Amino acid sequence: MSNVKNFEIFKAKAREEVKRCPSEAGYVFIPNSFMDELLKCDFSVDQFNEILSIFDPRRSKK
């Protein structure tokens with residue numbers, strides 16, 4: 001259950017970070033501090049990909 005809670009917390013953090021991340025020509029630069037914290041968590045591959053998909057610039061154009 002705590003994994004689901006952490007997953008939702010990280011998704012919320014990602015949504016906040018994406019607002020502050022610089023972007024250039026279809027790329028978004030994810031802060032190293034966010035990635036360091038994310039890599040320390042025990043998420044499944046699907047959860048990890050879902051969190052990172054929040055930073056996909058094509059996602060916001062839909």
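Let's start in helix α1, where K11 and E8 sit three residues apart, about one turn of the helix. Helices here (H or I, at least four residues) are DSSP runs, numbered from the N terminus. The model is predicted, so local features need pLDDT of at least 70 and side-chain atom pairs count only at pLDDT 80 or more, while totals for chains, interfaces and linings use all residues. Residues are numbered from 1 along each chain as its sequence is written, and side-chain values use heavy atoms, with hydrogens and water left out.

How confident is the predictor? On pLDDT, its confidence in each residue from 0 to 100, the protein has a mean of 87, and 92% of its residues reach 70 or more.

Back to our pair: the side chains of K11 and E8 form a salt bridge at 3.7 Å, N to O. That term means a side-chain nitrogen of Lys or Arg within 4 Å of a carboxyl oxygen of Asp or Glu. K11 is buried, because its relative accessible area is 13%, and buried means under 20%, exposed over 50%, partly exposed in between (1.4 Å probe, protein chains only). E8, at 39%, is partly exposed.

K11 also has a salt bridge with E50, their closest N and O atoms being 3.1 Å apart. This pair links distant parts of the chain, with E50 in helix α3 and K11 in helix α1, 39 residues apart.

Now look at K13 and E37, another salt bridge, with the closest N and O atoms 2.6 Å apart. Here helix α1 is linked to helix α2 (residues 32-39), across 24 residues of chain.

Note on methods: pLDDT = per-residue confidence, 0-100. Helix = DSSP H or I, 4+ residues; strand = E, 2+ residues; numbered from the N terminus.
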